[in-house]
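Biologist: I'm new to this one and would like a close look at a single part of it. Could you walk me through the place where the two chains meet?

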Amino acid sequence: MSTDPRFDGPGPDAVYALNLADGRFTIQRCGSCGHHQFPPALVCRSCGNASPGFIQASGRGTVYSTTTIRAKEGAHNVSIIELAEGPRLMSTVRGIDPEAVSIGLEVQSSIAEDEQVREARRYVVFLPVTGEA
Amino acid sequence: MRAKGNDRAVIVGAGNTKRWDAPGRSAFDQLQEAVILALEDCGLQLRDVDGLFCALSSSGLPTLNVAERLGIRPRHADGTMVGGASFLFQLQSAVAALEAHLCDVALICYGSNQRSAGGKLVSMPDPQPYEQPYRPLYPLSSYALAAARHMFEYGTTREQLAHVAVAARQWAMLNPAAMMREPLTVEEVLASRMISDPLTKMDCCLVTDGGAALVLTRADRARDLKQPPINVLGTGVAISHRQIAAMPDLTTTAAVQSSAAAYRMAGLGPKDIGHVMVYDAFTITTILFLEDLGFCPKGEAGAFVESGAIAPGGSLPVNTNGGGLSCNHPGMYGLFTLLESVEQLRGTAGERQVKNLDVSLAHANGGVLSSQATAILGSPSTL
């Protein structure tokens with residue numbers, strides 16, 4: 001039995017993590033319909049085409065919704081960011097007081113790595129876009 | 001197409017342990033007690049049960065565990081797990097299975113000891129690697145994000161959210177089985193501890209133990225049983241996402257689709273509904289579902305609730321048991337919405353009884369606004 005070569009190599013979650021480890025924030029773009037998506041999957045969630053490819057994300061986005069979590073060890077922000085390409089993802093906005101993060105705020109991605117994350121793998125955070133940026 | 005006459009699936013038995021804080025009892029103990037109560041309620045026996053439907057937060061193979069404990073050998077089973085809405089998904093499956101004669105007596109059951117076992121909401125292990133680095137409170141922060149967006153788009157206020165909690169408490173004060181029966185004010189909700197903006201502790205459901213069960217059979221068999229049969233007029237289910245960031249629109253849930261299917265099956269619309277149960281895991285969910293089930297235009301449920309419409313004496317009785325906010329919330333509350341609808345339609349709800357009631361709607365939610373299921377139930381006179 002031969003396997004289908006379209007699905008050879010690491011799966012989409014692994015490709016995303018490898019790209020991130022390489023310092024690149026990537027999302028998928030369907031070669032068939034042009035739909036952008038995140039998180040990655042083996043299918044295009046818009047047209048159903050198999051195995052959409054990865055592209056570098058612009059990293060530009062806006063805050064779609066936001067909450068400040070009041071933990072004992074301090075407050076931290078959790079936001080849903082809508083990327084310029086369309087997909088949304090959960091993330092956090094840094095470089096600003098958590099409570100100052102507001103819906104509609106323009107943000108730019110950055111890749112973070114810190115001890116707060118158990119797996120110590122890289123992950124995408126966002127910073128406010130300032131006038132000079 | 002639904003069956004008519006003798007072949008129509010009806011609800012005949014209901015069991016509710018009403019044990020919200022019961023140390024020393026396992027989730028299976030709660031479930032079994034509810035099953036015994038439901039079977040005694042209708043006069044059927046365990047040996048009559050040949051269709052088993054259940055979901056548990058504490059077991060990945062609930063139908064196997066429950067069948068073994070109850071000593072039953074079901075010929076039809078469904079352990080659909082979509083969070084708190086599971087039991088309304090299973091209701092739809094049970095109705096279909098009964099009307100297709102895949103089983104003759106269907107048992108839908110649930111038990112939890114999450115309060116006495118640790119006091120935290122128990123969730124099935126289901127890692128979310130694209131959320132985990134950001135340390136959201138699960139599931140609270142997901143609902144907070146939906147609330148924040150609803151406030152941004154429609155001007156919904158924290159005061160309006162607080163009115164949801166107050167209305168639930170006012171109903172709970174009429175329900176001797178409700179866990180929280182002390183008076184509650186909007187000011188107290190607003191002043192309670194902020195956990196994940198804009199939701200405070202009092203915007204969140206209780207963490208309780210509990211067990212619930214429903215027994216269904218076909219109308220011909222129901223005739224000889226102890227309780228008048230409750231008609232399942234319509235059901236509908238929908239799934240839209242798993243993670244909150246994947247929800248297509250944070251202000252509109254898939255309850256739009258599940259309720260459209262249920263209304264279509266029942267041949268009814270929102271104006272025909274005399275009593276409503278919605279899964280109030282958080283105050284925002286009541287707001288979202290009042291809109292998505294068609295009781296208010298989108299964006300207007302905040303003002304509707306603030307007007308006193310859903311509280312005792314209002315135009316639309318909602319969550320008359322006190323809801324997940326003030327009656328009980330054992331982790332997956334969905335089955336309790338059906339139990340209260342059945343009690344109201346039987347006319348046995350005591351002080352909180354809705355007068356002249358013929359049609360009740362129960363709606364349940366699962367995950368993080370992820371799964372939605374609507375059931376429209378009718379009094380025996382609708383059969």
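Biologist: How many residue pairs are in polar contact between chain B and chain A?

Modeller: Keep in mind that this is a predicted model. Between chain B and chain A, the count is 14 residue pairs in polar contact, taking pairs with both residues at pLDDT 80 or more. Sort the chain B side by class and you get 17 nonpolar, 4 polar and 5 charged residues.

Charge shows up across the interface too: the rule finds 1 salt bridge between chain B and chain A. In a salt bridge, the side chain of A:Arg70 meets that of B:Asp197, at 2.6 Å from N to O.

Now zoom out to the whole interface. Here 26 residues of chain B are in contact with 30 residues of chain A. Together the two chains bury about 2500 Å² between them, and carbon and sulfur atoms give 56% of that area. Within chain B, the residues that lose the most area to chain A are B:Tyr130, B:Tyr134 and B:Arg135, which together make up 33% of what that side buries.

How values were computed: Residues are numbered from 1 along each chain as its sequence is written. Chains are lettered from A and ligands numbered from 1 in the order in which they are written. This is a predicted model: local features need pLDDT of at least 70, side-chain atom pairs count only at pLDDT 80 or more; totals for chains, interfaces and linings use all residues. Side-chain values use heavy atoms; hydrogens and water are left out. Contact means heavy atoms within 4.5 Å. Buried area is the accessible area (1.4 Å probe) that two parts lose on being put together, summed over both. A salt bridge is a side-chain nitrogen of Lys or Arg within 4 Å of a carboxyl oxygen of Asp or Glu. A polar contact is a pair of N or O atoms within 3.5 Å; within protein, one must be able to donate a hydrogen and the other to accept it, and residues adjacent in sequence count only if both atoms are side-chain atoms. Ala, Val, Leu, Ile, Met, Phe, Trp, Tyr, Cys and Pro count as nonpolar, Asp, Glu, Lys and Arg as charged, and the others, Gly among them, as polar.
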